[in-house]
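Here is a brief report on a protein model.

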Amino acid sequence: MAQIFHPATNVIAKATIFGGLFLLAFVCYVAAGVERSPWITHEGMYREQPVPFSHEHHVGGLGIDCRYCHTSVETSPFAGIPATKVCMTCHSRLWTNAALLEPVRESWNLNKPIAWTRVHDLPDYVYFNHSIHVAKGVGCATCHGRVDRMPLMMQAHSLRMEWCLDCHRNPEKYVRPKEKVFDMAYEPPGGREQTALGEKLVQQYHIRKEQLTNCAVCHR
Amino acid sequence: MSDDGHYKPEEAATIFPDGKLARPLVVGTVPRGGRTVTDTIYAVTAPTTAPAASFPFPLDRAGLERGKQQYEIFCAVCHGATGDGNGMIVRRGFPHPPSYYLDRLRKAPPGHFYDVITHGQGAMYSYGDRIVPEDRWRIVGYIRALQLGDPKNDGLATTPPEQRK
């Protein structure tokens, strides 16, 4: 019986098999890339807000401490979004005619909260707690970036599990002295010095490094 | 699964008519580890009792340091780091508060400062909802320390005339 396929088609057969594998690998690669991309994680994207509240002006320009507005950040899991009254402590007398602030005044007069758009939102199956991080020397800027340079709030990091774990495996890469937690301008010392300082602080603050990667820490 | 329907603090909630998940504290509520809520929080209210003449607990160094920290978070933006009333917000046009170094404020009982933090006064809104009572006393202690630390200052130079009396 005559051969149906010419011997040269072997090359094509091999090429298709390898090509298929390559294509599969490529698709996985792209999918992983897309999954980590800002399009999915919302990293680095500004959000529209009902009032264009600027951390750049209030924190960077006026030097207001985070805790003036995010009062519960040291004592509870939730940092707290300020009530309209907090804005009114100043804006009852400042910029009282500005159209930008109309929603704030309306909220105050009608006793209706301002509906801020949430920027950071972990999935509901993840447990997160601000107070422990703040108490153990993890700075706001380590997780939220240079808030004092944000004219509108954006998410500075992916908040993916690998991002949390990068620090939970080696907290000494990031911890800083407690009194610098709220300091936006703090620059960690470079390379080996940070490791030395970090290791000292991990000891001093009793950070239980071995347990920090247990699944149950974040999935309870 | 990433939104399983449970509420995070301060989310909008359809289950209450006013749409707020964070419920206002009803008079008589006893927060865990806290004191009974005695009145709703307004911008400015009048104290109902005479100002206390002394501190309810002794203040040590740690207490004063806590007072300094809380003062710098909540008060220094208007009253200035030294209490002269030239804070950043005042420089941007907020009404000028009196200097703490005025004779009348040096003589005022600690309870006066406590009451102003709790209830507000004039242009200054209350901070009773954000500062716990113990920390209010520690702030008062720190203000006293500022006053004692600068005995020669009569405060007149940094106080507008209508705030001097």
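## Chain B: overall fold

Chain B has 6 helices and 0 strands. The order along the sequence is α-α-α-α-α-α. The model is predicted, not experimental. The C-alpha trace of chain B spans about 65 × 35 × 30 Å along its principal axes.

Chain B holds 165 residues, and 38% of them count as buried. Take the contacts in chain B between residues at least 6 apart in sequence: 57% of these join residues at least 24 apart.

## Domains in both chains

Chain B splits into domain 1 (1–45) and domain 2 (61–163). The centres of these two domains of chain B, taken over C-alpha atoms, are 30 Å apart.

Chain A is assigned domain 1 (8–41) and domain 2 (55–59 + 70–81 + 120–218). Over C-alpha atoms, 37 Å separate the centres of domain 1 and domain 2 of chain A.

## Helix packing in chain B

Helix α1 of chain B covers residues 61–74. It packs against helix α6 (residues 133–149) of chain B at an angle of about 95°. The axes of α1(B) and α6(B) lie 7 Å apart. Angles of 65 to 115 degrees count as roughly perpendicular, so α1(B) and α6(B) are roughly perpendicular to each other.

On the α1(B) side, the contact involves Gly63(B), Leu64(B), Arg66(B), Gly67(B), Lys68(B), Gln70(B), Tyr71(B) and Glu72(B). On the α6(B) side, the residues are Asp135(B), Arg138(B), Ile139(B), Gly141(B), Tyr142(B), Ile143(B) and Leu146(B). By class, the contact of α1(B) with α6(B) has 6 nonpolar, 4 polar and 5 charged residues.

## Helix packing in chain A

In chain A, helix α5 (residues 84–91) packs against helix α6 (residues 102–110). The angle is about 115°, and the axes are 10 Å apart. That makes α5(A) roughly perpendicular to α6(A). The crossing of the two helices, α5(A) and α6(A), is left-handed.

From α5(A), the residues in contact are Thr84(A), Lys85(A), Cys87(A) and Met88(A). They meet Val104(A), Ser107(A) and Trp108(A) in α6(A). The class count for this contact of α5(A) with α6(A) is 4 nonpolar, 2 polar and 1 charged.

## Cys90(A)

Cys90(A) sits in helix α5 of chain A. Is Cys90(A) buried or exposed? Its relative accessibility is 11%, so Cys90(A) counts as buried. The cut-off for buried is under 20%.

Which residues does Cys90(A) touch, beyond those up to four places away in sequence? They are Tyr68(A), Ile89(B) and Phe94(B). The list therefore includes residues of chain B as well as chain A. Cys90(A) and Thr41(A) are 49 residues apart in sequence, and their C-alpha atoms are 35 Å apart in space.

## Lys8(B)

Lys8(B) lies in the segment before α1 of chain B. Lys8(B) has 14% relative accessibility, so this lysine counts as buried.

What is Lys8(B) in contact with, leaving aside its neighbours within four places in sequence? In chain A, the partners are Arg118(A), Asp121(A), Leu122(A) and Asp124(A). In chain B, Leu21(B) is the partner.

Terms used: Residues are numbered from 1 along each chain as its sequence is written. Chains are lettered from A and ligands numbered from 1 in the order in which they are written. This is a predicted model: local features need pLDDT of at least 70, side-chain atom pairs count only at pLDDT 80 or more; totals for chains, interfaces and linings use all residues. Side-chain values use heavy atoms; hydrogens and water are left out. Axes are lines fitted to C-alpha atoms, for helices over the stretch in contact, and angles run from 0 to 180 degrees between N-to-C directions. Helices (H or I, at least four residues) and strands (E, at least two) are DSSP runs, numbered from the N terminus. Angles under 35 degrees count as roughly parallel, over 145 as roughly antiparallel, 65 to 115 as roughly perpendicular and the rest as oblique. A crossing is left-handed if the near helix is turned anticlockwise from the far one by less than a right angle, and right-handed if clockwise. Contact means heavy atoms within 4.5 Å. Ala, Val, Leu, Ile, Met, Phe, Trp, Tyr, Cys and Pro count as nonpolar, Asp, Glu, Lys and Arg as charged, and the others, Gly among them, as polar. Domain bounds come from an automatic or database domain assignment. Buried means under 20% relative accessible area, exposed over 50%, partly exposed in between (1.4 Å probe, protein chains only).
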